[in-house]
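Here is a short report on one model.

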Amino acid sequence: MRRFFDQRTPYIFISPALLLLLLFSLFPIVIAFVISFTDINLVGLADWSKINFVGFENYKNVLADPIFLKSIGNTLFYVIIGVPLVIICSLGIALMINFSQAKIFQFFRLIFYTPSITNVVAVAVVWSYLYNPQFGLFNYLLSLLDLPPVPWLQDPTIAKLSLILLALWRAIGVNMIIFLAALQGIPREYYEAAQLDGANRWKQLTNVTVPLLRFAIFFVTVTTMIGWLQFFEEPFVMTQGGPLDSTTSVALFIYRNGFQLSKFGYAAAGSFILFIAIIIITIVQFKIQNRHDDTQM
């Protein structure tokens, strides 16, 4: 009997976490999957008899929706430009803070980390004033240089870049901390051996630092890409998807149809398309990383 309880003790301790995961993660996913095959709306929530099973009709309509297709292109734009910028900037700042002897760089750690813990809605509201074409700070600074004003949130392409700039400013802090932790875990003996071999700073960076950071870079790449695929708060607060749906992301498309238009089944179908895309991209990244690790061995 004692052995019976000893074998099940670990499961007793993790059961609260498993229960929360089941109730608030796995169970809602199953419910959303079922909803995606129905035409449920506000009327259906009040009277379940009004809910009809429509099969794959929602998925067909979503994939044929020009706004959804445009939101896919916008999201890919965010990912292709935003992810490399976040990785390069956060890694560069982490390298400067870690290897610099100036104490001012230690203060920069707080400066760059603070945006990541501020409320995204408040930050987006403030930046919307900074981007204002008439009395915004950015255009005011351009006027001091005799440069024409920039339509930060009015031009379709510039609006996407403006949102990327804000998201980049917010995302640097967390990834910088991750890179700093990885950098401080590299033994100093490696750099001393490289110096004895005559390696300069650049060769130490490319042959010692970056290879030993490959797992941190992989982790940041995966988490950052997932975050950009779910890009929502900035376009929702600052542009509401405009102008002309040029900043509408897939997540914003799902929110608009689900919570504004009450097309819950339609929105659930879109969310599962995004869910499947995230899983596929993540699996591909793991496959590439595993193949790279096999070649290194």
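## What covers helix α10

The cover over the buried residues of α10 includes α4 (66-99), α8 (156-184) and α9 (188-196). Contact here means heavy atoms within 4.5 Å. Helices are DSSP runs (H or I, at least four residues), numbered from the N terminus.

This is a predicted model, where local features need pLDDT of at least 70, side-chain atom pairs count only at pLDDT 80 or more, and totals for chains, interfaces and linings use all residues. Residues are numbered from 1 along each chain, and side-chain values use heavy atoms, without hydrogens and water.

Q204, V208 and T209 are the buried residues of α10. Seen down the helix axis, they fall within an arc of 85°, so they line one face. That arc is taken from the directions from the axis to the C-beta atoms. The face turned away from the buried side carries the exposed residues W202 and N207. Buried means under 20% relative accessible area and exposed over 50% (1.4 Å probe, protein chains only).

## The largest pocket

The largest pocket holds about 550 Å³ of space. A pocket is an open set of points on a 1 Å grid over the protein atoms alone, with protein on both sides within 12 Å along at least five of seven lines; lining residues have an atom within 4 Å of a point. The volume is the space filled by probe spheres set on the points.

Its lining has 20 residues, with A32, I254, A267, A268 and S271 nearest the centre. α14 gives the most, 7 residues.

How values were computed
1 Å grid on protein atoms, 1.4 Å probe; cavity = no way out; pocket = protein on both sides within 12 Å on 5 of 7 lines; lining within 4 Å. Helix = DSSP H or I, 4+ residues; strand = E, 2+ residues; numbered from the N terminus.
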